[in-house]
Amino acid sequence: MSTALAVAAATEALRRLLEVWLADASVDADLDGGHATVSAVPPDQLSLSGPGAMLGLNLFLHRVSLNQGWRNAGMPSVDSAGNRTANPPLALDLHLVLSAYGVGQLQPEKLLGHGMQALQQHPFITREMLGDLLPASLAAAGLSTQVELLRVAPESITGEEASRLWSAFQAKYRPSFYYSVSVVLIETSVPVRSALPVLVRGGRLPGGAEAGVTVAPELRTRVPTLFGLRPAGGHHVARAGGAVVVDGELLAGTQRVVQLVDRRRGVTAEVVVGAGAGGQSFNFTVPATLDVGTYDVTVQVEPSPSAPSRTTNRLPLTVAPRMTNTFPLSVNRDGSGTATLTIDCAPSVAPDQQVSLILGTREVDAQPHPAPATSLQFVVPDAPVGSHLARLRVDGVESVVVDRTVSPPVFLDVRVVVS
């Protein structure tokens, strides 16, 4: 398994390979007394003249691309609940430019020839070579333990592409050749959720044999499935303590449990519905203390005492706040035109929830409350005189203000009268 240091380790392995090759080939004897070095820095940082002029080879990583062969490996990496099930590697191809530097006649050409010969003779960087070439700080990258070997291949580019590259480097062109290194696999060791092996298909029969797979020649579902959730009153949101009708298929059983999960806030609740023969719908009551928010609703159905329980698909259900004051609510402004309102609500509102009151079209934030509260204060500066429709908004979910039991729907008489 390779770590995030694998890119640097691969570059350093090639740099060190070239360095060893030049030393073994006694290149310095052909450089008029100069000593050739191998670097891995951006070309614009190399000096071309003067006492510190570069003499040697430079290996520069100018581009990184996704490896096409590994691009879709290990997908998907999470299940439908967002739990990690796999750690697919980040598979990369490295694109490098090998350039030669020297101020003497034919020095760059000699160096480039040796560099190209070194990489031609080593099309693969073996695990043993990595152990010899890499320092301890980069050996820890784990490049030698990845499943793929590093393959070094020449990369052909046109003169126009080379011109664009060196323009991007903002450096003067030097004799160069281009290579690709494939494949670098960067992986992570984050723990994953792994499914247990399957022992039997469809449970066991009384004799101990497996029931097998049930095949039905029809389009109807063969597992409990939810089609829709209908809060009472025809509303799109439910109220804590209110009724909800569950529509679906194969929902009959000797035991049924409704599970409500708010993953954002980490709130979970269960409602035991009990036995029922209604396979297409049933009712349940939202817990009166359930926080405002959007919940994933699933139903766990036990078809019979001898059959294993099954869990349906998930559907969202939004629980809205409810104002418990007696309306219309009258409030007087003080001498500066400020009105202070106390709104009672259910369920309680947590301190970290964002709460506001909307009077007509004007929104006012609630005063801070350090503990869960069922009574909230709102200070309205320059309060508008008159009768205003009131809506309590908690984490973006508004209380019900429309009566949908009549046609056409009308506003409920939840009004605040400011005088």
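Strand β19 (residues 355–359) is largely enclosed by the rest of the structure, because five of its five residues are buried (under 20% relative accessible area, with a 1.4 Å probe and protein chains only). The model is predicted, so that local features need pLDDT of at least 70 and side-chain atom pairs count only at pLDDT 80 or more, whereas totals for chains, interfaces and linings use all residues. Residues are numbered from 1 along each chain as its sequence is written, and side-chain values use heavy atoms, with hydrogens and water left out.

From β19, V355, L357 and L359 point one way and S356 and I358 the other, and all are buried. Strands here are DSSP runs of E of at least two residues, numbered from the N terminus, and two of them pair if DSSP finds at least two bridges between them. Strand β19 is joined by five bridges to the antiparallel strand β22 (residues 386–394), where R391 is the bridge partner of I358. Four bridges join β19 to β20 (residues 362–365), again in antiparallel fashion, and S356 stands opposite D365. The hairpin of β19 and β20 has two residues between the strands, and in this hairpin G360 takes a positive phi near 65 degrees.

An open sheet of three strands, with antiparallel pairing, has the order β7-β9-β12. Because β7 (225–231) and β12 (281–285) stand at the edges with a single partner strand each, one side of each is left without a neighbour in the sheet. Six bridges join β7 to β9 (residues 243–249), and R230 stands opposite V245 in β9.

Conventions: Buried means under 20% relative accessible area, exposed over 50%, partly exposed in between (1.4 Å probe, protein chains only).
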